[in-house]
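Trainee: Could you walk me through this model, one feature at a time? I would like to learn how to read each of them.

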Amino acid sequence: MLDSPLTQKLAAIDGVELDREVTFAGLTTLHVGGKPLLALRCSTRTAVVEAVRLLDAHTCPLLIVGGGSNLVVADGDIPVVAVVIEADDVSLNLASGVVTAEAGAEWDDVVSLAVAAGMGGIECLSGIPGSAGATPVQNVGAYGTEVSDVLLRVELLDRASGEVSWEPAASLDLAYRYSNLKFTERAVVLAVELQLSTDGMSAPLRFGELARRLAVSEGEDAAGEVRRPCGLVRETVLELRRAKGMVVEAADHDTWSAGSFFTNPVVPTSHADEVEAVAGSPMPRYGAGEGREKLSAAWLIERAGFARGFPGGGAPAALSSKHTLALTNRGEATATDVVELARRIRDGVFARFGVRLVPEPVWVGVALDPEDSGDRD
Ligand SMILES: Cc1cc2nc3c(=O)[nH]c(=O)nc-3n(C[C@H](O)[C@H](O)[C@H](O)COP(=O)(O)OP(=O)(O)OC[C@H]3O[C@@H](n4cnc5c(N)ncnc54)[C@H](O)[C@@H]3O)c2cc1C
């Protein structure tokens, strides 16, 4: 655990600043969670590597923190050292289209810089909060694009060996909101390398709502390869996201969330048919590989009787007033309040449709089910 000699060694690392005051409420976009043993603010990649190696050598529990936008952390004292990555260099190679970002760079700054330079491919990921280094962790995605579409390589610190190396994206098993980094803590992402296009155009527009907003006609769409200037797509995505409270704004409690709280469930087609029969009306369902379909978690939540703003009445934790998939802190919520709400929603959807929603964020010291370890759901 963290004793005084270890703390002194950590303090002596160049680029590490000790923060003894911060709580997870101050480190996360849900604004809940208690106090870590200590927080280390690491301003260089080398500082991250040295701090993590030292903590691991002392078997001192640690949690890597970027923007804290995909974390649900328990109340009270949390027995981990928070390693906050703040190394944030971004470099763009306009000739090759390769963008390299250090893990602590704010993801939306990376998108904004790339778009301003006429580099396309990540404009649909505009407005996703958090750090560049976390984007491969759950293979972030929005509006028909996932980071796996453009990720070339990641620089990893392997926590078992202590080695640093560049690894190809294929080594991460990237899938829908998944990589082999999520929940495993096996490695720290130090930097990401992306391959973008250099013709100023977006990635092909595959998402109906966005394509309609950008007036993509049915005929054009048939090829599935319609592209628009990446700056225009970024602005449109930001507009759509703001209307749903999916761009973090400090004054708007609808954005004090962890984004989409549940992943869209993937079920056998026969189960999807049963759900539709129970619903009694056509529902959103999309092919997800042979004999399987992806359903809309937001639609299921609404149809299970949970309206926007639920439960209302000044409850400290409530569904966003703009989107049923975001569980939000109305200002004074604790982690316990958020977890109780999540449990109510999950159980309500299960009771109505027999579909068990799975939370998307990473859980620390808290769980939806008491028998779980608390490290994840
Ligand atoms: C309003 C809002 C909207 C959102 N919209 C979307 C969306 O459209 N699509 C989407 O996919 N997600 C979305 N999210 C979720 C979230 O923004 C992403 O998952 C984001 O990538 C998390 O980044 P972070 O730096 O905040 O990670 P954190 O919350 O700090 O960490 C999340 C997990 O990743 C680990 N981690 C963080 N950095 C590293 C690293 N460098 N190396 C190894 N592990 C690391 C942490 O230990 C933790 O387990 C949204 C969240 C919010 C609040």
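Trainee: Where is asparagine 139 found?

Mentor: Asparagine 139 sits in the loop between H4 and E8; such labels are DSSP runs numbered from the N terminus, helices being H or I with at least four residues and strands E with at least two. Its phi is near 45°, a positive value in a residue other than glycine. Before we go on, residues are numbered from 1 along each chain as its sequence is written, and side-chain values use heavy atoms, with hydrogens and water left out. This is a predicted model, where local features need pLDDT of at least 70 and side-chain atom pairs count only at pLDDT 80 or more, while totals for chains, interfaces and linings use all residues.

Trainee: Thanks! Which peptide bond is cis?

Mentor: The one from phenylalanine 310 to proline 311, with omega near 0°. Proline 311 belongs to the loop between helix H9 (297-303) and strand E16 (317-319).

Trainee: How do I read a sheet, and in what order do the five strands come?

Mentor: Begin with pairing: two strands pair if DSSP finds at least two bridges between them. Here five strands make an open sheet in the order E6-E7-E12-E10-E11, with antiparallel pairing. Strand E6 (90-93) and strand E11 (164-168) are the edge strands, each pairing on one side only. On average, neighbouring strands of this sheet are turned by 20° against each other, direction ignored; axes are lines fitted to C-alpha atoms, for helices over the stretch in contact, and angles run from 0 to 180 degrees between N-to-C directions.

Trainee: How many bridges join E10 to E12?

Mentor: Seven bridges join strand E10 (residues 151-158) to strand E12 (residues 187-195), and the two run antiparallel. Within this sheet, leucine 157 stands opposite valine 188 in E12. Helix H3 (residues 45-57) packs on the sheet, touching strand E7 (98-102), E10, E11 and E12, where contact means heavy atoms within 4.5 Å. The direction of H3 makes about 150° with that of E12. Helix H4 (residues 107-116) lies across E6, E7 and E12, running at about 25° to E6.

Trainee: What describes two packed helices?

Mentor: Two packed helices are described by the angle between their axes and the distance between the axes. In this model, H4 and helix H7 (residues 230-243) pack at an angle of about 145°, with axes 9 Å apart. Asp108, Val111, Ser112 and Val115 in H4 meet Cys230, Gly231 and Arg234 in H7.

Trainee: Which residues come nearest to the ligand?

Mentor: Ile64, Gly66, Ser69, Asn70 and Ser131 come nearest, of the 34 residues around the ligand; a residue is near a molecule or strand if one of its heavy atoms lies within 4 Å of it. For polar contacts, look for pairs of N or O atoms within 3.5 Å; within protein, one must be able to donate a hydrogen and the other to accept it, and residues adjacent in sequence count only if both atoms are side-chain atoms. A ligand oxygen atom is 2.7 Å from a polar backbone atom of isoleucine 64. Another entry to look up is serine 69, where an N or O atom in the side chain is 2.6 Å from an oxygen atom of the ligand. For serine 131, a side-chain N or O atom is 2.7 Å from a ligand oxygen atom.

Trainee: Last one: which strands stand at the edges of the three-stranded sheet?

Mentor: That open sheet has the order E13-E15-E14, with antiparallel pairing. Strand E13 (266-268) and strand E14 (285-287) stand at the edges, each with a single partner strand, so one side of each has no neighbour in the sheet. Three bridges join E14 to strand E15 (residues 292-295), and arginine 285 has leucine 295 in E15 as its bridge partner.
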